[in-house]
Amino acid sequence: MAQQVKAVIARAKGAPVEVTTIVVPDPGPGEAVVRIQACGVCHTDLHYREGGINDEFPFLLGHEAAGIVESVGEGVTEVEPGDFVVLNWRAVCGQCRACKRGRPQYCFNTHNAKQKMTLLDGTELSPALGIGAFAEKTLVAAGQCTKVDPAAEPAVAGLLGCGVMAGLGAAINTGGVGRGDSVAVIGCGGVGGAAVMGSRLAGASKIIAVDIDDRKLETARTLGATHTVNSRTTDPVEAIRELTGGNGADVVVEAVGRPETYKQAFYARDLAGTVVLVGVPTPEMTLELPLLDVFGRGGALKSSWYGDCLPSRDFPMLIDLYLQGRLDLGAFVTETIELDGVEQAFERMHHGDVLRSVVIL
């Protein structure tokens, strides 16, 4: 039978979020109901609240989550009740042209639950990134559930569902950072900080963190940065070149998503180096670069979607590294809060006071 649970929703553009009761239907074919244990407060949730994604209000917010599978629908074989899972927003189809070419991380037909969760009056909810996990329970496509070692803390494991995976993957998967490489990361919030950590994990010899906030730069050092640059007072391009023998970095990760910082990344890389855009721009932003510079500098200009991750491959591996003490995912958890603390967490995020607030249920 359908269940009534507490959840955080955004009813209108820019309005404060609220805790209310929603209805979660029983899972249908290919679906699963997950009892949420923890969910990170991601900037994308704030984008939804502000109408920056679309205007399909009311939104059921939250997507960076871990929990226990409670029930599954017909035909589900990948998970079963009792499994500890991290939720992901790219459930690969296995049939599209990307999947058939052996590149499921680029799946062009990712899917979500077909049924809708609703308010008590029957109003359908739009779950953030097809998940909606600021809730005691949520309904997802079974393919959005990735089974991982239950020894992991839910507050930590859930962070792989979005921001931390985006940053780690931007460095390791998209940027291809390798042993001895020099790396610069522009923007050192949660995603940029994860790119710093990923670069260290991959064996980079020099990791240069760039931000305008000294607090974030200090945190970046704890995550693996070997050098820091405050771009409010120092030209970051010149600083990165100076730190790399005048050449520029082998890989530059842009984790801000603005034209001015992208240009900094473009000119701060070495010849034949790689720029990775993982910061998400807004629709009105445009970029102008001399085409001769694009040609003459060579290398690669890449965008990183969800860290180009394949959840079934990457989530269990990263959780294992965390449990072995080789990947300090817990460093990203600044505070834990309850469901009614999400609006205040947005405010702290806006002021740069946290890497991640995590809702514990």
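A residue counts as buried when its relative accessible area is under 20%. The model discussed here is predicted, and that cut-off is applied to strand β11, residues 182-186.

In β11, 5 of the 5 residues are buried, so the strand is largely enclosed by the rest of the structure. In a regular strand the side chains alternate between the two faces of the sheet. Along β11, Ser182, Ala184 and Ile186 point one way, while Val183 and Val185 point the other way; the residues of both groups are all buried.

Strands of a sheet pair through backbone hydrogen bonds, either parallel or antiparallel. With β12, residues 206-211, β11 runs parallel and is joined by 5 bridges; within this pairing, valine 185 lies opposite alanine 209 of β12. The pairing of β11 with β14, residues 249-254, is also in the parallel sense and spans 4 bridges. There, isoleucine 186 stands opposite glutamate 254 of β14.

Another part of the model is an open sheet of 5 strands, ordered β7-β2-β1-β4-β8, in which the pairing is mixed. The edges are β7 (118-119) and β8 (126-127); each has a single partner strand, so one side of each is left without a neighbour in the sheet. For β7, 2 bridges connect to strand β2, residues 18-24, and these two strands run antiparallel. Threonine 118 in β7 is the bridge partner of valine 23.

Methods: Residues are numbered from 1 along each chain as its sequence is written. This is a predicted model: local features need pLDDT of at least 70, side-chain atom pairs count only at pLDDT 80 or more; totals for chains, interfaces and linings use all residues. Side-chain values use heavy atoms; hydrogens and water are left out. Buried means under 20% relative accessible area, exposed over 50%, partly exposed in between (1.4 Å probe, protein chains only). Two strands pair if DSSP finds at least two bridges between them.
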